[in-house]
Structures are given as C-alpha cells and as structure tokens.
Amino acid sequence: MNSNHLSSSPFTHNNQNVRKVMLQVQIAAFPALLTHIYLFGFGIVVQWMLAVATMLVVEYVMLRLRGRPIMPFMTDMSALITITGLVFCIPPEAPWWIIVSGSAFALIFGKHLYGGLGYNPFNPAMLGYAFLLISFPIQMTQWTLPVSLSGHVLTFWESVHYIFTGQIPGLSIDALTGATPLNEVRTGLSQGKTLIDSLSSEATNNLFGLTSWGWVNVAFMVGGVWMMITRTISWQFPVGFLGTLALMSFVFNQIDPTIYPPVSFTLLSGGTMLAAFFIITDPVTASTTPRGKLIYACGIGVLVYVIRNWGAFPDGIAFAILLMNIAVPLIDQYTQPRVFGHKR
C-alpha cells in the first residue's frame, strides 16, 4: 500500500501567515522607534500607548457589531501595524485626542466598514493621517524639535503632562516645538527666499549630512532592508518609489538648485523611508503583480514629489498613496502575467 499522503492542491507553502508577517514588520520598525525616542523624547511612546488603547476598544466594538470572533482578529496584529504607522506620522506632543480620533477613524473607516482585513481598498493608516491633516492642520504641523535644536529632551512624564494638559510647568513649549524641514522649505520659498535661506541650521546640514529627521529615515531604511532580505516585502515597492523620487529630485535640482532640494534632502526628509518600506508595501491595498508593484510605487513617487513642491501640503505621502490605491485595480488588470502555456 502506498504510504504517500494525498491531499488537495496547493502543495507549496511559504510558511507565512498574517500574524507572522505583521510581527516582522513591527520588529523592523523598532530601530526607528528607538532613534525617535533618542532624538525627540518619549512623546511617541505616550502616543503609541494611547493608540493601542484606542485600537483595543475600537477592534472589540467593531468585531462585536459585525458578529465576528474577537480573539482571532484582535491577535492577527494587523490593527497594531495600522496604528504604529499612524503614530510615526503625527507630532510626538500632539494633544491626546489627535491620536485617539485618528486611530479610531483609520480602523473604522479604513478597515471595518469595508468588511475587515483583506477587503479595504485604502491604506487605513494613511486614511487616518489624511483625516488628521485636513481636520486639524495646526496641531499636525507643530513638531517637537530635536534636542540638537531645542537643547532639552522631554521626559516621559513631561510628555504625558503636555499631551493631556497642553503645558509643562517651568518650560516654554514654544521653545520646544517648530516646523519640520519640509515645512521650513515651503514657508521660506513662499516668502521669496532661496532654498538655503529657507532651512534651519540643522536642516542645512542635510544637504551634506543628516538631520535628526534624517537619522529616523535611516533607521526606517535599516529595518526595511532587513524585510527585503527576509522577503517580508517585495523589492519593487522601495526601489520604484525611491528611484522615482530620487530621479525627479535630481532632474529638478539640476534645473534650479535654489528652489528644488537635492536628492539627499528629498529622500531623508519627512516620512520618505517610512512610506517606502512600511506603508506602500501593504499587501492588501497595493498592486499584487510584479510589474504592477513597480508601476504603483513609481506613481506614488511622482505624486509625492509633485505635492511636496507644488501642492498644498509639505509632505504629500498620504494623499499620493490614497490616490494610487484607487488605481490599483486598473494596474493589476493590465499587468497580469501570462499564464503558463497560454498564447496571447
């Protein structure tokens, strides 16, 4: 008697599941979290704790309303990745209701109302981020300055006090907050200044070295490269996005270097590396074909550069990703690989 066990196809498995992939992404973001804490203080830790508390409440309520089992969906870590991506996008000392409302909006309108994980057409984290940018522009543009500029690192309890009360006894918060390099460039250029004159002293060094925001981007890149090596994400996403962004930055910088920043500034400012390795790689809302992934990533790169330089927002990552999410079905339709043995 044949001892071989017969089973239905498919016969090939890659030993991956949703929880394992999400855990790998969470681990890959850890270097950026530590770098962020070292350079900007503990505000991001407080925001992450608030986001996790919001996530647990929203996930439980929505799963009960949808009649779904609680534990399997709450422990797949997909919601945790959503709120982690959102936390990195908001100012560390933003009021507590910013992250609470943003996390709730991302999970409810970006995930559950479409039927849950696997059915959402838009990236939930970027949907929540776009909601916050449009609804609360003032709170979303006042970032905690790095210690190299402010000379003071907020402790955990100082961050807690400011996030919940809006003040810190004995400290002037105006000396600890300011605009990001991308905001500085936009404001300065709108006032007729040159690129160099529009940047702060730390941001000017980014033309040749790294700002604090640059170091955070490098930390994201380190985690992202690890995910590429372990094949957690596809190489087409970061290569297409960063390559397109770098090419456009190089071309326009050569045309007029007094207005358009160089490649180093473009790639190491804002949420560039976060988007390249952690956001646009979302397997649900991104393209699924090999060529489609590259087209999708390149399209986001073009839109980010256009919005940053000529749009209404200093960093157009959220809107670029959401716009390309709309185009994913069309991209996949025209980039399907030929079926083996099928003649076109």
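Here is a short chat about helix packing and cysteines in this predicted model.

Modeller: A friendly note before we start: residues are numbered from 1 along each chain as its sequence is written, and side-chain values use heavy atoms, with hydrogens and water left out. Local features need pLDDT of at least 70 and side-chain atom pairs pLDDT 80 or more, while totals for chains, interfaces and linings use all residues.

Colleague: How many residues of helix H5 are buried?

Modeller: Buried means under 20% relative accessible area, exposed over 50% and partly exposed in between, with a 1.4 Å probe and protein chains only. Helices are DSSP runs (H or I, at least four residues), numbered from the N terminus. H5 spans residues 78–87 and is mostly covered, the buried count being 10 of 10.

Colleague: Which helices do the buried residues of H5 pack against?

Modeller: Contact here means heavy atoms within 4.5 Å. The buried residues include Leu80, Ile83 and Leu86. Their partners are H1, H3, H6, H7 and H16.

Colleague: At what angle do the axes of H3 and H6 cross?

Modeller: Axes are lines fitted to C-alpha atoms, for helices over the stretch in contact, and angles run from 0 to 180 degrees between N-to-C directions. The H3 and H6 axes come within 9 Å, and the crossing angle is roughly 35°.

Colleague: Is Cys89 buried or exposed?

Modeller: A residue is judged here by its relative accessible area. Cys298, at 26%, is partly exposed. Cys89 has 11% relative accessibility, so Cys89 counts as buried.

Colleague: How many disulfides does the structure hold?

Modeller: A disulfide is a pair of cysteine sulfur atoms within 2.5 Å. By that cut-off, the number of disulfides is 0.

Technical notes
Helix = DSSP H or I, 4+ residues; strand = E, 2+ residues; numbered from the N terminus.
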